[in-house]
Amino acid sequence: MIFAVIFGYLIRLLGMTVVNGQSIPVIQPIVYSLPTPPALTGPLTPNDVLTKAERVHVNIIKGPSSFVSHEANLYAGTVDNKIYQVAACPPKLIASLSPPGCNTVKTCGQMLSLRRDPTTGLLVALDTYRGLFTVNPLTGQTQQIFSSATLINGRRPVHLNDMVISPNGVIFMTDSSDVYTYPNDVYICMDGRPTGRLIAYEIKSGITTEVLAKTFNFPNGLELTADGDLLVTETCRARIHRVSLKRPTWLHVSSFAVNLPGLPDNIRSSGRGTYWVAMSYPRYAGIRNPVDFNAGNPDYRSMGFNWLSRDQLKSYFVQRAIAVEIDSSGIVIGSLHDPTGTTLRMLTEIHESGGVINVGSHLVPYMARVILPETSGIKITVDGYIQVKRSRCELADGQVTATRERLLKQQTTSTAA
């Protein structure tokens, strides 16, 4: 026992400890503070919308985490580094980004973000371990356009997480930590230091630049505002920042949304002037959240790091699902819940398109979907309707084009009348 204590002390002196068979850099925890978690009242009042979400393609796809919708097509990036056309039934495999012969998560890669380049129609996928890839949705052809082996301001990315493509052809990415990789993200919260950064990649030139460094603790989800600024979720601080992309306030950081009822992952535009924010873990009044509970106690966090496994640390978080809709001012105006955690937990993304909400989570073997009710005032569009019918095997792929043209014509005629 004495030998084990001495051995652990020596490892910590070297600045490393062994977690799950891997050497993990020791945290250097700082004191920080969070507001008192919000109560689930008003727009945060619990519901069972996510509990009752439709389960699509059960046991056919694994952990759909990020989505792209274009016309009658819906694409999903999955936890096993694949891209599927999930509007099809059965879902159609478009591409696998894992190299042949790979046998570990690190060598095979893990996709965390999927977008569409509107100028080329290509899908753009972000692999946390390997970098950026373009994917032709028609042929499945892939091309790596940015490697995580690239030095940016003297160091490689460690934890590529989310991305967004600006109208002028710049891809902004979050590099969530300069120390801890994706599987060890819990240590970013335990550490507390602002070790994340933003990276800008110019598609035409291939030039990559460090944009903001040492500013955020766990920068995660990214989205553009209607007027061209950048929204950044800061997971361990339960808040969202607005970063100016305009002169003369270039890269000025201001508060957009604070004291969220969970630790935010991806943020996505609803297409209606609002934004959906998926929460990886909930934090609200009445539940115990280790991020809030231990914010002011770095010594306690050090003890947890030294004596608890990564999985034990994560088990202290409540396993329920919550997502919020916020308006253009950052105010929460609605929420989706699975208070049971039976259908969904650890959300990665909420993707709304055509009156249909697709819910991302890397933990479930299906795609979860919610069709917005008519009482919401949001009508399902032709493309949303077709995506739903196709995925249920109620509309054959060969009938999609003719059906879409017919319904769009009917819609135009009805509107004109």
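In this predicted model, Cys89 and Cys393 are joined by a disulfide with an S to S distance of 1.7 Å, a disulfide being a pair of cysteine sulfur atoms within 2.5 Å. The torsion about the S-S bond of Cys89 and Cys393 is -50 degrees, and the link is left-handed. Distant parts of the chain are linked by this pair, 304 residues apart: Cys89 lies in the loop between strand E6 (82-85) and strand E7 (92-96), and Cys393 in the loop between H7 and helix H8 (400-416). Helices (H or I, at least four residues) and strands (E, at least two) are DSSP runs, numbered from the N terminus. Cys89 has a relative accessibility of 29% and therefore counts as partly exposed; buried means under 20% relative accessible area, exposed over 50%, and partly exposed in between (1.4 Å probe, protein chains only).

The model is predicted, with local features requiring pLDDT of at least 70 and side-chain atom pairs counted only at pLDDT 80 or more, while totals for chains, interfaces and linings use all residues. Residues are numbered from 1 along each chain as its sequence is written, and side-chain values use heavy atoms, with hydrogens and water left out.

Helix H7 (residues 382-391) is largely enclosed by the rest of the structure, because eight of its 10 residues are buried. The buried residues of H7 are Val382, Asp383, Gly384, Ile386, Gln387, Val388, Arg390 and Ser391.

The disulfide count by the distance rule is three. Cys102 and Cys108 form a disulfide with an S to S distance of 2.1 Å. The torsion about the S-S bond of Cys102 and Cys108 is about 105 degrees, so this disulfide is right-handed. Cys102 counts as partly exposed because its relative accessibility is 23%, whereas Cys108 is buried at a relative accessible area of 14%.

A disulfide also joins Cys189 to Cys236, with the sulfur atoms 2.0 Å apart. The link of Cys189 and Cys236 is left-handed, with -75 degrees about the S-S bond. Here too the pair links distant parts of the chain, 47 residues apart, with Cys189 in helix H3 (residues 186-191) and Cys236 in the loop between strand E17 (230-234) and strand E18 (239-243). Both Cys189 and Cys236 are buried.

With bonded cysteines counted along the chain, the disulfides of the protein follow the pattern 1-6, 2-3, 4-5.
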